[in-house]
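Colleague: Could you walk me through how to read the packing in this model? I'd like to begin with a helix.

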Amino acid sequence: TGDAVSAHYAACATTKQTVAWSWRRPALGDDLFVKLHELSDVSGHAEGGVDGVLEGVSFAPHDIGATPTRACFLAAPASVEVLGYVLGFRGPAQGVFFDDKRIRAGEGTTLHALDRRNGGTAERYVCPDAHDAASESTRRWRQTCPRRYHPIHVANAWDDETSGCPSMIAACWPPDCVNAMASERRDILGDWAPLLGGDFSGAAVTQLVSFSGHGGGARARVLCSGAHLDHCKVHPAAGGLENKFVYASAGAAVARGDINDLTYAAPQPPQAFVRVDVSEDAVVDSWFCGERRFTDDAVLAATGEDETDAYLIAPVYDAATQRSTIIVLDCGDLAAGPVCELALPDDAPFIPWGLHGAWSPAANGATRATEHV
């Protein structure tokens, strides 16, 4: 179709469909045109989709959430300069900047909810600025709204049982990072050279944030005291429904639960997987992969309907041996360590960091992960 297809998808347990999506941005204007692709979890075949518009979204979101009725996206105010990319001076992400003008005008993160059945223009739920004209009670309420979070990965989305409005949980860059990048006019891609040298101090922290839409506004709450968490996932049976647990990659301090460690809410190399209890707002289970070893994006393969009935499957890179292994953890007891650890062949000994995957029992001729693990 000529559209760019996102690496991320969202599974909806209610409709038994996986929602993939593609997008295109015209040379002029600030709207993003998206197309949903509905895939059957039973057959694995495409079952149609709709076209939609995300108003005021210059830069495509990285991830998506799906409720039984909506496809949900989060976006911070951003602008795109295409000339450098067209002329070959910049990569595509090097032409993306947080929009300082829109931020100074009070624009915040927006939750866009696109009707999965009819498409069209997505509903907008905006995190308002906490300091604009409003009643005292409204201003106090808005203090819980992080105005300019930039979403990286989405854990889940669901429709609130009371209001019917969408809610989401996502790993995001915090407002101070977004504001600094906007005012200093740093592109979103940034400089990766320090990371390659082992210095994570200048990297952006990613925090798990819960967003709740209501009446055109969105309220946000930071989870786990701002712990550095990323690659967030929920059990497949909870996809599109309000979930209790989120699984995520984390640093060593978060895995230890040491909230007093200065690195707990600071950028850390990913060296653990944790289970977050959203209702308790705490990390309740964790596994540390070891020194000089690094975790990556995981896939959850269900073994049952409970939110802990699954295997967490992910690559782990060992810097000492310069090899990757595939680890399998029991989601009900991460701390017990791998159920098994699979070596890669000598002719392909490691997996590049940042690879994304998916688990499809139907594609493997099985209905439960236990038939393959």
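Modeller: Happy to! The buried residues of helix 4 pack against strand 9, helix 2 (100–104), strand 13 and strand 14. Contact means heavy atoms within 4.5 Å; helices (H or I, at least four residues) and strands (E, at least two) are DSSP runs, numbered from the N terminus. This is a predicted model: local features need pLDDT of at least 70, side-chain atom pairs count only at pLDDT 80 or more, and totals for chains, interfaces and linings use all residues. Residues are numbered from 1 along each chain as its sequence is written, and side-chain values use heavy atoms, leaving out hydrogens and water.

Colleague: Which residues of helix 4 are buried?

Modeller: Buried means under 20% relative accessible area (1.4 Å probe, protein chains only). In helix 4 (residues 175–183), these are C177, V178, M181 and A182. Down the helix axis they fall within an arc of 130° (taken from the directions from the axis to the C-beta atoms), so they line one face of helix 4. Just after helix 4, R185 has a positive phi of about 50°.

Colleague: And which residues have the most contacts inside the largest nonpolar core?

Modeller: In soluble globular proteins, nonpolar side chains tend to be buried together. A nonpolar core is a set of buried Ala, Val, Leu, Ile, Met, Phe, Trp, Tyr and Cys residues joined through side-chain atoms within 4.5 Å. Here the largest has 21 residues, and L208, L229 and V246 have the most contacts inside it. Strand 18 gives the most to this core, with 3 residues. Leaving aside residues up to four places away in sequence, L208 touches several residues, including I169, L229 and V246.

Definitions and conventions. Buried means under 20% relative accessible area, exposed over 50%, partly exposed in between (1.4 Å probe, protein chains only).
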